[in-house]
2 protein chains.
Amino acid sequence: MYTAAQLTDFSRRILEEIGYSTEMAQLGAKVLVSADLRGVDSHGVARLSGYIRLWEKGRVNSTPDIKIVHETPSTAVLDGDAALGLMVAPKAMEIAMSKAEQVGTGWVSVKNSNHYGIAGYHSMMALKKDMIGLSMTNASPLVAPTYSAERLLGTNPISVAIPTRNQPPFVADMATTTAANGKLEVLQRKHMEAPQGWIQSKEGQPTTNAFGVKEGGALLPLGGDKEHGSHKGYILGSIVDIFSAVLSGANYGPWVPPFVAFLDPSDDPVGEGIGHFFGVMRVDAFRPKDDFLDHMDNWIDRFRNSKTTSGYDRVLIPGDPEREMEADRLQNGIPLLAPVVEDLTKLGEKFGVVFET
Amino acid sequence: MYTAAQLTDFSRRILEEIGYSTEMAQLGAKVLVSADLRGVDSHGVARLSGYIRLWEKGRVNSTPDIKIVHETPSTAVLDGDAALGLMVAPKAMEIAMSKAEQVGTGWVSVKNSNHYGIAGYHSMMALKKDMIGLSMTNASPLVAPTYSAERLLGTNPISVAIPTRNQPPFVADMATTTAANGKLEVLQRKHMEAPQGWIQSKEGQPTTNAFGVKEGGALLPLGGDKEHGSHKGYILGSIVDIFSAVLSGANYGPWVPPFVAFLDPSDDPVGEGIGHFFGVMRVDAFRPKDDFLDHMDNWIDRFRNSKTTSGYDRVLIPGDPEREMEADRLQNGIPLLAPVVEDLTKLGEKFGVVFET
């Protein structure tokens, strides 16, 4: 077991080693480890060495000038200058929050960025000020639209965080696919079949082969097939792509650069880097804050205590599982798989930073 | 077959008969018939007599004072004064568009409204000004959250309309359930089973009984079951509910008033009427308009012409089926089912307006 402080410290030192300022490295490390704490292990320190490989390829800038390139009172486009999204996204959220303070809401589309960790870290920044936060990002193409045999969209997550009074906040953070890639990796390790509706083969046929995506197939949009509404998952992934990249000037659809360093980006890009989209709404831009918070508590109370289907003892509110995981891991530590420990140890050796096991 | 002009004229006259001004009646009729034109028959003139029954019960106000009750430069809450949502929603969109003109974006949450027709009519209003439009509404509770045996959410649709240059616009309009109620009605008429993942029984068990919802069961959120991501459909429906009603002061969740006059609203409401939420973003609040429109055309072109799975000759872009239906029905007329014709004929007789068949 590892403590969050230990993993954050290690990550910060590695990010400093590749040239990030202490302040940026600390922020990036904090965003990264927030994923481990919340149980989204695929987006935490397990990704660090991948980020460093992108930097080694010259695809990540560690001395970025992140700046606004277009704005109105309620909007901005931020140029991430090829920094890690881990640091670009919080800056975009700060801008959105500041605009919301001024005119009620703030909306920031980001170009020229890289992977930004978990969507939920960024949306949740708004909660401290009792604002509603929204975060989304496009991602490397792995998902086939309904009726398509091509990978044209990423898992394109959406996160929405909504403040409450006494209840824990409502925090949704979801990929717009039926299942995230991380779940497939679990099945692969166990040599199990995937459920119907998760993936299709290289030829575009439904498959339960958990290695289907690795073998050239695609993840399926939420819904799985047309009869179960996959065109709606395709719609959601498309909206994320367009708000994140067509609005900002980033790459979209199949042009989004791969997250892995061994695959090269398109030599015919349609924009710069990957894109994100953020929104912040002040609740008191709509009604008195106390009224809103009281009704959110009532909403959550009613849903959580509704009658359950047999076999389940409660109805979950978005954010419940991750919050409970975080409480557990803050107390008991964060487990890491052996290959991740090995990977981080080697990474540390390369940069002269000891990864203490 | 009926022409759009004929159905609009009839609907306008009925709405005038219950007291709406000619201008409001014309607008309401136009919104209503736009559903018939786009092939969303469940939301068109088939609903007119239901609206009138709500008015007869005193639940619809035909001489409303629709007004802003709270605002900032980028936001407003609109009180629909119990009018039909058909007329309230376009007013909310006008306000959102006007705010977007001023500060880049506009966001309007609406309380004290009623059913607003198809979500897509309203989002598409923004297209005329090359703006992005967003429209959502809560609705009578028919949907059970994941693990719940209770109906706590409506089919809570989301529509997003995005302008283009030479391509037809991107127009998404989707319920946040696996299947809309209208599709169940088709199966019921044909005495067919429903697919797995559409509905659950009164006891909260999966069922393929197409009458399951009528017998006290519930529609399932997009995804169908947990393994296929139903918690994500539940998240989406929840966000629509909260943005539409907790932000505005309308009824939410199980308190949303039923759309049918024979079911009474809760005697312990948590707000006023039903709620909607609208957003408008000026694309040139993010980047030069021409750049945006060109890249949207490129996005659509790439997706539409992607390689298809076997058995399908093209990948659809959101809005394609409805646009093609509208072109067909503008040319060839709108078909109505015999019970709808009978219903409208009787409605006409009651108000002294001839429904010409």
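User: Happy to look at this one with you. Which residues of α9(B) do Asp36(B), Leu37(B) and Arg38(B) in α2(B) meet?

Analyst: Good place to start, bearing in mind that this is a predicted model. The two elements are helix α2 (residues 22-38) of chain B and helix α9 (residues 320-332) of chain B. On the α9(B) side, the residues met by Asp36(B), Leu37(B) and Arg38(B) are Glu322(B), Met325(B), Glu326(B), Arg329(B) and Leu330(B).

User: How many of the residues in the contact of α2(B) with α9(B) are charged?

Analyst: The contact of α2(B) with α9(B) has three nonpolar residues and no polar ones. The remaining class is the charged one, and its count is five.

User: Are α2(B) and α9(B) roughly parallel or roughly perpendicular to each other?

Analyst: The axes of these two helices come within 7 Å and cross at roughly 100 degrees. Angles of 65 to 115 degrees fall in one class. The pair α2(B) and α9(B) is therefore roughly perpendicular.

User: Over in chain A, what is the orientation of α3(A) to α10(A)?

Analyst: Helix α3 (residues 48-56) and helix α10 (residues 338-351) of chain A have axes 9 Å apart, at an angle of about 40 degrees. Roughly parallel would need an angle under 35 degrees. That makes α3(A), relative to α10(A), oblique.

User: And how many residues of the contact of α3(A) with α10(A) are nonpolar?

Analyst: From α3(A) the contact draws on residues including Ile52(A) and Trp55(A), and from α10(A) on others including Leu344(A) and Phe351(A). One residue of this contact is polar and four are charged. The nonpolar residues number six.

User: How far apart are the end C-alpha atoms of helix α8 of chain A?

Analyst: This helix covers residues 289-304, which is 16 residues. At 1.5 Å a residue it should span 22 Å, and the model agrees with that expectation. The distance between its end C-alpha atoms is 22 Å.

User: Is α4(B) largely enclosed by the rest of the structure or largely open?

Analyst: Helix α4 (residues 85-103) of chain B reaches 26 Å from its first C-alpha to its last, close to the 27 Å expected. Of its 19 residues, 14 are buried, so α4(B) is largely enclosed.

User: Which residue with a positive phi follows α4(B)?

Analyst: The phi in question is near 105 degrees. The residue that follows α4(B) with this value is Gly104(B).

User: Is Ser248(B) buried or exposed?

Analyst: Ser248(B) sits in the loop between α7 (230-246) and β10 (274-282) of chain B. Buried means under 20% relative accessible area. The value for Ser248(B) is 4%, so this residue is buried.

User: Which residue of chain A is in contact with Ser248(B)?

Analyst: Within chain B, the side chain of Ser248(B) reaches the backbone oxygen of Val110(B) at 3.1 Å. Leaving aside neighbours within four places in sequence, its contacts include Val77(B), Ser109(B) and Lys111(B). From chain A comes Arg287(A).

User: One last thing: what separation do the C-alpha atoms of Asp290(B) and Pro265(B) have?

Analyst: Asp290(B) lies in helix α8 (residues 289-304) of chain B. Its relative accessible area is 43%, so Asp290(B) counts as partly exposed. Pro265(B) is 25 residues away along the chain, and the C-alpha separation is 49 Å.

Definitions and conventions. Residues numbered from 1 in each chain as written. Chains lettered and ligands numbered in written order. Predicted model: local features only at pLDDT ≥ 70, side-chain atom pairs only at ≥ 80, totals over all residues. Heavy atoms only, no water. Helix = DSSP H or I, 4+ residues; strand = E, 2+ residues; numbered from the N terminus. Buried < 20%, exposed > 50% of the residue type's maximum accessible area, 1.4 Å probe, protein only. Polar contact = N/O pair within 3.5 Å; in protein donor to acceptor, adjacent residues only side chain to side chain. Contact = heavy atoms within 4.5 Å. Axes fitted to C-alpha atoms, helices over the stretch in contact; angles between N-to-C directions. Parallel < 35°, antiparallel > 145°, perpendicular 65-115°, else oblique. Nonpolar A, V, L, I, M, F, W, Y, C, P; charged D, E, K, R; others polar. Expected span 1.5 Å × (residues − 1).
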